[in-house]
Amino acid sequence: MDARVTTQVVGYALRLRGIRVQSCMGVSESERARPQELVVAVDMELAGELYPGADELERAADYAQIVRAADESARERADKLLETFALRVARRLVTLWPMAERVRVAVTKACVPVTPVTDEATVEVTLAKAFA
């Protein structure tokens, strides 16, 4: 009996954490008047066949492009809601990587102007490819 086993990559996930961007974000005009730091996390799930089987840079996801997408989204306009910004980043990533099966974006704001004092607020959105 032949005991050889073949393996296949069935999933490819990319996770970037701690993408620090500056954005004029906040509910009040005074909050939006000056840039503040937001921390973005991105998860992208791709089909296994997209995984670079060898050390092939051209087949791998471009981390710098993902970081730029978050940064450009942050600088694009002032938002009242973290939700608006997170969705804009996720949609931009889906446009850049139409082969992504799922894109998750989490955005954390460290300075939350509420009482009692709150350390941070995080919003997360997930977009998934609709399979027909």
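Glutamate 31 counts as buried, because its relative accessibility is 13% (buried means under 20% relative accessible area, exposed over 50% and partly exposed in between, with a 1.4 Å probe and protein chains only). This glutamate sits in helix α1, residues 29-32. Keep in mind that this is a predicted model, where local features need pLDDT of at least 70, side-chain atom pairs count only at pLDDT 80 or more, and totals for chains, interfaces and linings use all residues. Residues are numbered from 1 along each chain as its sequence is written, and side-chain values use heavy atoms, with hydrogens and water left out.

**Around glutamate 31**

- The side chains of glutamate 31 and lysine 109 are joined by a polar contact of 2.5 Å. A polar contact here is a pair of N or O atoms within 3.5 Å; within protein, one must be able to donate a hydrogen and the other to accept it, and residues adjacent in sequence count only if both atoms are side-chain atoms.
- Setting aside residues up to four places away in sequence, glutamate 31 touches Met25, Gly26, Gln36, Lys109 and Pro113 (contact means heavy atoms within 4.5 Å).

**The overall picture**

- The protein has three helices and four strands, and along the sequence they run β-α-β-α-α-β-β. These elements are DSSP runs, with helices being H or I of at least four residues and strands E of at least two, numbered from the N terminus.
- Is the protein compact or spread out? Its radius of gyration is 18 Å, well over the 14 Å that the globule rule gives for 132 residues, so the protein is more spread out than a compact globule. That radius is taken over C-alpha atoms, and the rule is 2.2 Å times the number of residues to the power 0.38.
- Taken along the principal axes, the C-alpha atoms fill a box of roughly 70 × 30 × 30 Å.
- Of the 132 residues, 36% count as buried.
- Among contacts with a separation of 6 or more, 61% come from residues 24 or more positions apart.

**The loop between α2 and α3**

- Aspartate 79 has its place in the loop between α2 (63-76) and α3 (82-96), and lysine 80 is found in that loop too.
- Beyond its neighbours within four places in sequence, aspartate 79 is in contact with Cys24, Met25, Gly26, Arg32, Thr84, Phe85 and Arg88.
- With the neighbours within four places left aside, lysine 80 is in contact with Met25, Gly26, Val27 and Arg32. Lysine 80 and arginine 32 are 48 residues apart along the chain, yet their C-alpha atoms are separated by 7.7 Å.

- Serine 23 is found in strand β1, residues 11-23, and is buried, with a relative accessible area of 2%. Neighbours within four places aside, its contacts include Arg34, Pro35, Gln36 and Leu38, as well as Ala74 and Arg77.
- Isoleucine 66 lies in helix α2 and counts as buried at 1% relative accessibility. Which residues does isoleucine 66 touch, not counting residues up to four places away in sequence? They are Leu14, Leu16, Val42, Met44, Leu93 and Trp97.
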